[in-house]
Amino acid sequence: MTLCMTMCLGDYVPVGQGLCVSVHVRLCVPINLEREDATCMGVWNCIYLTLYLSVAEGAWYCGKGPELGIRRPEFKFWLCHLIVVWSLVNPFTSLSLSFLMCKMRRMDLSYFQLWHLLCSLHPLAMGLLLDSHRRRALARLLLRLNTPLCVVSYLAGVFWFLGLAFSPLTQNTYISENAMGSTMVEEQFEGGEHALNFARDFTAQRRKTGSLPVAWLERTMRSVGLEVYSQSFSRTLPFPDETHERYMVSGTNVYGILRAPRAASTESLVLVVPSSPETLNAQAVGLLLSLAAYFRSQIYWAKDIIFLVTEHDLLGTEAWLEAYHDVNITGMQSSALQGRAGAIQAAVALELNSDVVTSLDVAVEGLNGQLPNLDLLNLFHAFCQKEALLCTLQGKLQHSDWASLGGSLHGLQTLMLMVLRQASGRPHGPHGLFLRYHVEAITLRGINSFRQYKYDMTAVGKTLEGMFRKLNNLLERLHQSYFFYLLPSLSRFVSIGLYMPAIGFLLFIPGLKALELWVKLNKADFGPEEQLGPNHSLVQPFGQDARGVALTPLVAPVLISQATGLALYLLPVMGQHVAAQHFPVAEAEAVVLTLLAIYVAGLALPHSTHRVVSSTPRGPDSGWMALKLVALLYLAIQLGCISLFNFSLGFLLAVTMVPAAALTQPSGPRFLYAVLLVLVSPGATLLGSLFLWRELQEAPLTLAEGWQLFLSALAQGVLDHHLYGALLFPLLSLGLYPCWLLFWNVLFWK
Amino acid sequence: MGRVDLAVIFYGTSTYAWGTRVQDRCVKAAEVTQDIVLGLSARTLACHLLRLGCFTTPLHALFWCSQDCLPDEVASQRLQPKDASCSLPPPGCLLELPSPMECIGHGGEQWPESDGAEEEEKEAELIGVWPASVCSEFKGRPLMAAGSPDQGHHRTILKVPPFPRPDSGYAQGGLTTGCASKSPGSLSRCLAYLTSFPSPSVWQDQAEQLFKSGHTNNWAVLVCTSRFWFNYRHVANTLSVYRSVKRLGIPDSHIVLMLADDMACNPRNPKPATVFSHKNMELNVYGDDVEVDYRSYEVTVENFLRVLTGRVPPSAPRSKRLLSDDRSNVLIYMTGHGGNGFLKFQDSEEITNVELADAFEQMWQKRRYHEMLFIIDTCQGASMYERFYSPNVMALASSQVGEDSLSHQPDLAIGVHLMDRYTFYVLEFLEEIHPASQANMNDLFQVCPKSLCVSTPGHRTDLFQRNPQNVLITDFFGSVRKVELTTETVSLKPDLSSMGYSHLKCHEDEELAEPLSYAAQLPVAQIIHQKPKPKEWHPPGGFILGLWALILMVFFKTYGIKHMKYVF
């Protein structure tokens with residue numbers, strides 16, 4: 001509130017705005033005095049802000065965005081969602097925060113006005129609620145309509161999501177960045193054969209040295225006229241990585257810098273080829289060298305170009321990136337870089353393992369579901385079309401006919417694959433690590449399948465030449481196009497404004513359910529016979545209030561659940577050696593098994609929590625209701641936050657957990673509820689996603705394979721967290737798993 | 001220094017006083033007193049100039065007006081050089097103006113002594129209208145004449161050496177014999193001649209006929225407002241117009257070229273030090289003689305408006321000033337990214353159509369142009385001229401409101417579009433223009449039809465006084481002097497009897513000059529490999545219409561109306 005007041009006095013606040021704010025403050029004051037109503041308002045906030053969200057998104061969708069001054073929808077919606085979630089926590093900060101954000105980001109005031117209008121509706125609604133008659137009427141209406149509303153909202157969310165691949169919700173992609181323009185380039189790269197010679201030499205040298213042939217690479221790079229440097233790094237993994245068979249890793253990255261002949265070295269582009277013992281990428285290295293030789297002979301470069309060959313694929317890339325930006329976030333030991341080339345504007349990672357390719361697959365999903373700017377993908381797509389290359393997304397070709405049902409279903413399949421990959425939060429290629437440093441990057445993979453028509457290195461090289469020519473023209477970082485999108489195909493996309501309602505509908509349900517619980521907990525207040533004023537609760541001490549929510553009994557289950565989550569997060573890696581000593585398993589297995597053990601052990605928690613929880617003096621149901629109320633709000637906040645930075649993960653979790661969470665109660669068919677809850681627990685969702693993923697890739701898993709894949713995915717998830725800072729593991733173990741345990745507690749409440 | 005030792009006042013054609021080494025304030029004085037000049041009080045003018053210190057001593061003023069306007073009395077008193085080696089033009093009167101005592105009314109004031117040595121070396125360059133036959137000598141010193149034929153008007157550049165000192169030169173100078181003596185009687189007679197001139201409007205009308213376009217000098221302000229490599233085409237647009245106006249004769253000193261970015265030296269340019277306007281590197285508009293006056297970050301709205309309105313800081317060099325006057329035809333060409341009612345400058349600011357219109361009005365009020373041609377090649381360009389309200393402005397735009405202006409000439413090697421469509425066709429049109437071309441503005445209006453431009457070019461002529469059909473392209477794009485060297489001898493028959501100067505004889509120049517013709521200055525067609533397009537023959541529209549009608553009739557006759565659905 002003080003913030004609101006300062007906003008009023010702020011010099012840049014127009015008078016009208018200031019008045020609005022002060023009105024808001026005035027209306028807030030009486031509400032703030034009441035503890036109960038403040039809590040009530042928190043619940044109402046869920047509903048109101050979900051509504052705001054839908055309205056704001058609707059406004060953009062109806063094409064009113066430009067009129068309202070919304071220029072870059074995704075960023076603003078990002079912000080909008082942030083504010084929404086924040087206001088779940090504290091409604092009073094929401095206004096100030098939104099205003100601050102508008103000012104900080106120099107957003108248009110008109111957008112703020114829209115938001116402000118919605119915000120100022122909010123205290124009016126609160127004022128409405130203060131009137132006990134109206135409140136009672138509303139409460140009755142809400143109780144009656146609650147279940148149908150929840151069902152409708154859930155179905156709307158799911159169908160909205162499924163509808164994303166269909167034509168009204170998808171748009172054609174287009175290049176927004178003026179500086180790149182079209183594909184107006186005369187590709188003159190003819191070094192395909194040259195590249196293959198380099199590749200053969202590289203393979204031979206690699207066989208000779210047994211690791212990355214650093215000396216040969218340095219010599220070759222120097223011979224084509226680059227400034228060559230190398231960087232050595234070493235890293236001991238938290239536990240042995242069985243998939244890649246590595247534990248103590250040390251390697252060397254080699255990179256050569258092509259200095260722009262007529263520009264200052266303030267900006268650069270990166271072409272990176274990861275090389276590891278399993279995937280040599282010899283052809284990619286050859287093409288990189290051949291391209292370097294060709295690029296060296298051109299005079300039109302305005303940015304330096306860094307040709308980087310990393311060892312141990314992502315580990316090397318991470319080491320190089322950390323050293324380039326002079327940070328150390330993952331405990332990597334590496335030597336400092338001797339040569340730099342300014343801020344990296346964009347990067348392309350290349351993976352080629354055959355002399356000819358039938359198609360190029362592009363990977364966009366990066367660490368924690370980050371995506372590169374859509375323009376980079378558009379650029380690649382444009383050159384694919386220009387060079388008549390076959391380009392695939394998620395390994396799927398584009399359907400020829402978009403309008404048809406088959407085309408849309410195909411798009412849905414591709415989109416689901418993207419959602420699953422994005423939800424995993426893993427970097428799907430070296431580009432994924434660049435995204436953390438706000439370097440737009442994609443990975444191109446050469447696929448050599450059984451198709452008849454093959455493309456040689458020259459065709460791939462020409463595509464890369466074209467892309468680099470265009471990236472060279474950039475004047476700023478890529479920022480014009482979308483950062484948040486889903487792709488049903490290479491040529492079509494769904495913007496954030498269109499996919500967010502899906503999760504909005506789903507998050508509406510916990511809010512509604514919480515409200516219902518709140519009303520039920522305060523049943524007496526809404527009874528026709530009692531006429532207690534709103535100030536009544538203020539006078540009474542909270543603990544003795546029969547109608548209020550007793551928070552003390554909830555402390556124990558919440559704390560115990562959180563402690564279990566913490567154990568799940570810490571123990572597997574910390575206790576791996578102990579486990580390996582006492583059980584006949586290797587360290588990697590020990591980690592996974594400990595993980596599973598703790599996870600399953602959590603299921604037994606209700607029995608232990610009940611010992612701690614003392615019996616409550618209130619009605620029989622108030623205990624679990626209060627717990628469920630807290631759990632629902634907790635779930636809504638978490639899912640809201642997750643969906644902000646990784647929509648796919650948020651949606652997958654919401655679509656599974658929300659209905660089960662809404663249904664859970666300690667009465668009725670408890671066994672059914674229990675099965676349902678177990679099925680939607682984060683671990684089970686992961687298992688299910690793996691099956692779905694392989695199903696969509698048309699390579700279905702058997703149960704045994706699925707289980708093996710699940711175990712390795714668990715290990716990889718933990719490893720990704722420690723090696724690259726992936727957030728999925730901590731999110732699940734510290735956030736969603738405890739939340740899920742709360743529902744489990746509700747189910748077995750006595 | 002900084003004074004005028006000869007004032008030449010052209011009645012009826014241009015009301016300026018020219019002089020050597022004219023200080024700004026003296027020119028201003030002449031401007032201020034223009035009405036007085038028109039009001040025929042030459043004495044007042046002279047006094048005014050004198051008071052401002054524009055003249056050295058003594059006052060010499062050459063008054064001249066067209067033939068018919070002179071009263072007989074003056075014509076009869078025509079003044080002739082003493083040595084009579086040549087004749088002054090018949091309709092002239094060269095007078096000596098009154099002494100400062102008479103002007104100022106301070107009897108005792110003496111002429112200030114001037115630096116004789118410097119004054120002697122001064123050379124006056126007089127540019128003005130002069131009848132066909134000119135003196136080869138003026139007050140005993142040679143007159144150098146140069147010129148070229150055009151339009152049947154007489155236009156000569158006279159180079160007059162400085163006058164001799166008062167004590168030595170002018171007393172013997174025969175030119176002013178009629179009023180030479182300082183006696184009050186002769187002075188009053190001169191003044192009597194002056195005051196008996198007919199009304200100035202008559203002269204104005206006649207001057208209109210004499211000078212069809214009414215301008216004496218040309219200026220061009222060429223502005224590219226866009227930065228960044230992908231806006232290469234805007235720089236090429238501006239440079240191509242620069243090339244054309246320069247080729248047609250506007251010197252660099254009269255062109256203010258503003259380029260917001262340096263494409264030639266951009267590191268992305270695969271052909272450094274060039275800016276091409278045609279595909280396949282056919283026409284490089286960035287030659288080795290391009291003088292950019294305002295470059296990169298100097299191109300701002302403020303600087304642009306300062307150039308137009310003349311409010312440049314005193315330190316600004318001449319090349320950065322638009323030193324036009326009310327006899328200047330000014331061409332203003334702008335290109336960049338625009339929208340409805342604005343043109344973006346430098347990606348950071350914009351000029352609105354209202355600001356531009358107000359700037360033009362200021363220019364008009366400050367007599368900074370005689371006529372103005374405004375051309376803009378930008379999206380929704382027509383919105384930029386719709387607010388103009390100052391007279392004598394003709395405006396062209398590449399597109400109507402709501403339309404985009406489109407680019408042309410995509411070049412794969414350079415990797416950008418080289419030009420915009422509108423300017424591309426304007427350039428093609430201008431390449432065919434030479435200084436003697438009679439192409440008029442109507443031709444320019446039709447230069448880029450919608451079929452070529454995709455956008456609809458617009459033009460506005462309601463503020464312009466003349467019919468665009470009578471306005472030559474070279475009135476704005478060139479600096480073509482209305483000069484004609486006659487090949488005929490004009491026989492002057494002064495009425496000697498009334499003047500009483502028997503010794504006057506005109507030596508008439510009887511040499512016949514060779515008729516001059518212009519050589520093609522640039523083999524344009526060969527440079528851009530474009531021959532004039534042969535007109536394609538099209539069958540007349542009516543025939544085609546008839547043919548279609550026949551086809552349709554046969555169709556309906558054969559299949560009937562019910563098969564219509566198979567057609568559509």
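A residue is called buried when its relative accessible area is under 20%, exposed when it is over 50%, and partly exposed in between (1.4 Å probe, protein chains only). By that rule, B:Cys448 and B:Cys453 are both buried. This is a predicted model, in which local features need pLDDT of at least 70, side-chain atom pairs count only at pLDDT 80 or more, and totals for chains, interfaces and linings use all residues. Residues are numbered from 1 along each chain as its sequence is written, chains are lettered from A and ligands numbered from 1 in the order in which they are written, and side-chain values use heavy atoms, with hydrogens and water left out.

How many disulfides does the structure hold over all chains? There are two, where a disulfide is a pair of cysteine sulfur atoms within 2.5 Å. Here they are side by side:

| Disulfide | S to S distance | Torsion about the S-S bond | Handedness |
|---|---|---|---|
| A:Cys384 and A:Cys391 | 1.7 Å | -75 degrees | left-handed |
| B:Cys448 and B:Cys453 | 1.9 Å | about 115 degrees | right-handed |

The B:Cys448 and B:Cys453 link is right-handed because its torsion about the S-S bond is about 115 degrees.

Two further cysteines of chain B are worth a look. Is B:Cys265 buried or exposed? B:Cys265 counts as exposed because its relative accessibility is 52%, whereas B:Cys224, at 0%, counts as buried.
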